[in-house]
Amino acid sequence: MNTMYAAVLRRTKEVGVLRVLGFSRGSILVSFLIESQLLALLGGTLACLLILPLNNITTGIGNFVTVSEVGFNFSAGPLVMLAGIMFSLFMGAIGGLFPARMAAKKEILTALRGI
């Protein structure tokens, strides 16, 4: 959400130019939502790639009071990764909605001034 707010604020004048050229508020909203979805997809895919080296690693947690250890196997299969990417897309939609709505609601003259 912070990334999208920064993108909207950085491109305020561009939003004003698009509105002057005849783009509707809805098309500006959709363009910022698509951008947030692409960023979320990139983040989810990168997270899945970073977790691959940890796949099928066995580790444990020790308890010093009972002097016991619980071991578990870390396994991230394709369904877990797909669920993670879907969750990142969902969070990207929620996080991009408010900044996209802010960009779409900007008045033309205010946006052209860069305020």
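## About the model

The model is predicted, so local features need pLDDT of at least 70 and side-chain atom pairs count only at pLDDT 80 or more, while totals for chains, interfaces and linings use all residues. Residues are numbered from 1 along each chain as its sequence is written, and side-chain values use heavy atoms, with hydrogens and water left out.

Helices (H or I, at least four residues) and strands (E, at least two) are DSSP runs, numbered from the N terminus.

Start with helix α1, residues 2–10. Here M4, A7 and V8 are buried. Buried means under 20% relative accessible area, exposed means over 50%, and partly exposed lies in between (1.4 Å probe, protein chains only). An α-helix has 3.6 residues a turn, so residues three or four places apart point the same way.

The other side of α1 carries exposed residues: N2, L9 and R10. The buried residues of α1 pack against α2 (12–20), α3 (25–51) and α4 (78–105).

## α1 against α3

Two packed helices are described by the angle between their axes and the distance between the axes. The axes of α1 and α3 come within 11 Å. They cross at roughly 140°. Axes are lines fitted to C-alpha atoms, for helices over the stretch in contact, and angles run from 0 to 180 degrees between N-to-C directions. α1 and α3 are therefore oblique to each other. Angles under 35 degrees count as roughly parallel, over 145 as roughly antiparallel, 65 to 115 as roughly perpendicular, and the rest as oblique. The crossing of α1 and α3 is right-handed. A crossing is left-handed if the near helix is turned anticlockwise from the far one by less than a right angle, and right-handed if clockwise.

Which residues make the contact? From α1 come T3, M4, A7 and V8. From α3 come F32, E35, S36 and L39. Contact means heavy atoms within 4.5 Å. By class, the contact of α1 with α3 has five nonpolar, two polar and one charged residues. Ala, Val, Leu, Ile, Met, Phe, Trp, Tyr, Cys and Pro count as nonpolar, Asp, Glu, Lys and Arg as charged, and the others, Gly among them, as polar.

Look again at A7, in helix α1. At 4% relative accessibility, A7 counts as buried. The C-alpha atoms of A7 and E35 are separated by 9.7 Å. Along the chain, A7 and E35 are 28 residues apart.

## α1 against α4

α1 and α4 pack at an angle of about 15°, with their axes 8 Å apart. That makes α1 roughly parallel to α4. The crossing of α1 and α4 is right-handed.

M4, Y5, V8 and L9 of α1 make the contact with G95, G96, F98, P99, M102 and A103 of α4. The residues of this contact of α1 with α4 divide into eight nonpolar, two polar and no charged.

## α2 against α3

The axes of α2 and α3 come within 10 Å and cross at roughly 140°. α2 and α3 are therefore oblique to each other. Their crossing is right-handed. V15, L18 and R19 of α2 meet R25, I28 and F32 of α3 in the contact. The contact of α2 with α3 has four nonpolar, no polar and two charged residues.

K13 is also in helix α2. Is K13 buried or exposed? At 51% relative accessibility, K13 counts as exposed. Leaving aside its neighbours within four places in sequence, K13 is in contact with A111, L112, R113 and G114. The C-alpha atoms of K13 and I94 are separated by 24 Å, and these residues are 81 residues apart along the chain.

## Two loop residues

N56 is found in the loop between α3 and β1 (57–63). Phi of N56 is near 65°, a positive value in a residue other than glycine. At 53% relative accessibility, N56 counts as exposed.

V67 has its place in the loop between β1 and β2 (68–74). Phi of V67 is near 50°, a positive value in a residue other than glycine. V67 counts as exposed, at 72% relative accessibility.
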